[in-house]
Amino acid sequence: MTFLHAWAFGFAGLAPVIALLYFMKVRRRRATVSTLMFWQRVLVENPRRTAFRRLRQLLSLLLHLLIFALILLALSRPESARFAGQGNSTVLILDLRARMQAIESDGTSRFEKARLAAGDYARQAGPQNAIAILSAAATTEVAAPFSDDEKPLHDALAQLIPTDSGGDLDAAVKLADELLVSRPGEKRIVVFTDAEPKIQSPKSEIEFVAVGEPHDNLAITRFSARPLLNSPQTSEVLLELRNFGDKPARGSVELYLDDALLDVKPFDLKPDGRLVTASPALPRAGHGQLRARLDVKDALAVDNEAFATIPVPRKTHVLLVTRGNWFLEKMLGADELVAFELLGPESFKKEMAASFDAVVLDDALPPNFDLTSAPGNFLFVKQTPYNVDGILDQPLVSDVDTQSPLLRLVTLQNVTFLRSNRAAIPALPGEWKFSAPLRSFENPLIITAERGGQRVAAFSFDLAETDLPLRVAFPLLMSNTLQWLAGHQESARASMHAGESIALAPGQTVRIKDATIAGAFRPVKNGWYSLDTQNSSSSLAVNTFDQRESDLRSAPMSSHRPSVPAAAVRQLTRIPVWMGFAVAAFVLFTLEWWLFHRRRTE
C-alpha cells in the first residue's frame, strides 16, 4: 500500500482529544424540585446501569475513533501496490478528418459527438488509469500525453478542431501502440470515428466508438485552371462534380473570379453520377483567384466549395547576344511574355547579365569567360563552358529526363541533329549542382547547373544544324528554359490537397494571418494562401478533393466495447481506494447516529 498524502497522518494527534472527551466526568446541574417522588425509580435504577453505561461509552468511543481513522486514511490517498506499480493505460484517438464535419439530423457535427464521447472517457483518468489523446487526420499528433488528471485532457479536447484533410487511422493506431509498448499493466486503444477502419492492434485491446449516420452528399472533386499551350495568356477551367447519393440531384455551381461572379452553371446528376465540364478560355487578369461554390445544402459543407489559382503572367526580360539567329529572334518576338533586347557579341560585357532575368549567348561565348564569377543566369547555345574537343556526327537522343523543368511537355526523340559539340559535366568548385536532362548515350546534349539562386543551361548543338526550330517542341523548350532560368516556375504549383506537405524554396514564405512560415508548409484548411518571395507573390489553392471524405453513405458501424462482465470488473477496479475509506466512514457515522438516537450509545 502506498500513501500519496502521508501528511494526513499528522492529524492522528487529535485521537487522544476524542478519548479525553469521553472520560471527562459530566458535572450535573443542581435543580430544586417540589418533590422527589417522581425521581425515586431513576435513583433506584441508576446503580444497576452503571456497568452498562461504561460499556455504551466504550462502544461509542470505538465507533468515533474508527470513523476518525477512516477519514485519515481517505485523506492520505492510499493506493494498492499493484495499481501504484502498474495501473491501466488508455490512448484515445479522435478522428479529425474532413468527413467528421458532417452535420447530423440533430444539428450536431460528427466531430462534436466524438469529442463528447471522448470527454466521457477522459473523466475516467486517475492514479489507476493514465490517459493520452491523439488527433488523427493526414498526420497523427499527440494532443495530450499520458495523464491521470482529467483537466489537461479536457483542455486538450477543447482545443481540437476538425481539419479539411483526408487520411486514414492506421498511422494513429501504430503510434498509439508505440506509446503503450513501454507502459505496464493493462493497455487499450479507443478510436472515436464514423467509419470503422480495417486495422487491428496486436499489442493492445482496441475499441471503436461510432458516431454519425449515412447521408447523401454532393461534392466538387476537381477544380483547376491551366494556361492554354497555344496561348499562355489565357486559361481554361476544369470542374468535376460528384453525386455521392442514391437519389438524383439538381442545382447550380457558381464561379467567381477575384470575388466577382463570373458564371452560373446548372447541373443535373444521376444517382452516383459524375459531371465534368471545361469552361471557355478565360483571360488571366487580376489576382487570378478562382472559386467554385455549389448552391446546395447537404450534410458536408467543406466539399461544396473549391479554390483554384490562375498564375498572373510575368514578363521575362531576356538579353539575346548573337551574330544573327532568325529562329531565336522570331521565337522571342512572338512570345508576349518575353521582352528581349538584341546585342552583338563584341558589345556584351558579363556585368550586363545582372540587369536581365536571362542572357542567351548564341554561339557567342566571350573569351576567358569565368562562370564562377559571372553574375546572372545564362543560356549557352553551341559554344558552352562545358565543350571538350571533338564533334558528334548525327547524335541520337538516347536518354530524356521527363521530370526536368526544361523538358516539360517537350518531345525530342525524333528530332534530327546533324552534328553537336562534345560536352562534359565539369567539376567546378563551389555548390554547383549539374544534371544532363538530354543525352546521346554518354554525351550530354543539354546541361543544367544551379548554385544558390544562379542558374545556367547549355545546348551543345547549333539550332540551325537541327530540325528542332521546325517542330512544336522548339517554342516549348525555349519557353521552359527561359522560365526556369528566370525562376518563374517556382510558383508553377498552384494547388495542393489539404494535409499535404510541401517544401518551400529558399527565400519563399507563406503568410497565414499574422504568421509567416518558411521551410515546410502543411495546410489543413481549404482556401488561398499567399506564397511570397523577395520580389514576387503568388496564390496557392488548397482543397480536400478526396472521395473517401465526401462519400458519407457508409452505414454506421457498431461500437466495439468489452463484454458487460469485463466492463463491470474494470469499472470497479477504477474506483480509488480512498473513496472506499470515505464511504465506510460515512456509513459508520450514519450507524453511530442511529445507535445514539436508539439510546444504544452515549
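Reply: One term to begin with: contact means heavy atoms within 4.5 Å. Helices (H or I, at least four residues) and strands (E, at least two) are DSSP runs, numbered from the N terminus. The model is predicted: local features need pLDDT of at least 70, side-chain atom pairs count only at pLDDT 80 or more, and totals for chains, interfaces and linings use all residues. Residues are numbered from 1 along each chain as its sequence is written, and side-chain values use heavy atoms, with hydrogens and water left out.

Me: What covers the buried residues of H7?

Reply: The cover includes strands S3 (88–95), S4 (129–136), S5 (140–147), S6 (186–193) and S7 (205–210).

Me: And which residues of H7 are buried?

Reply: Ala172, Val173, Ala176, Asp177 and Leu180, in a helix spanning residues 170–180. Seen down the axis of H7, they fall within an arc of 140 degrees, so they line one face. That arc is taken from the directions from the helix axis to the C-beta atoms. Lys174 and Glu178, on the other side of H7, are exposed. Buried is under 20% relative accessible area, exposed over 50%, partly exposed in between (1.4 Å probe, protein chains only).

Me: How many of the 602 residues are buried, as a percentage?

Reply: 43%.

Me: New topic. At what angle do the axes of H8 and H9 cross?

Reply: Roughly 70 degrees, and the axes come within 11 Å. H8 is residues 326–334 and H9 is 473–486. Axes are lines fitted to C-alpha atoms, for helices over the stretch in contact, with angles from 0 to 180 degrees between N-to-C directions. The two helices are therefore roughly perpendicular, a label for 65 to 115 degrees; under 35 is roughly parallel, over 145 roughly antiparallel, the rest oblique.

Me: Which residues meet there?

Reply: From H8, Phe327, Leu328, Met331 and Leu332; from H9, Phe474, Pro475, Met478 and Leu482.

Me: What about the largest nonpolar core? Which members touch the most others?

Reply: Val360, Leu379, Leu412, Phe459, Phe461 and Leu468, out of 33 residues. Such a core is a set of buried Ala, Val, Leu, Ile, Met, Phe, Trp, Tyr and Cys residues joined through side-chain atoms within 4.5 Å. H9 gives the largest share, eight residues.

Me: What does Leu468 contact?

Reply: Beyond neighbours within four places in sequence, Leu412, Val415, Phe461, Leu463, Ala473, Phe474 and Leu477. Another core lies apart from that one, with 23 residues, among them Phe111, Ala122, Ile133 and Leu157.
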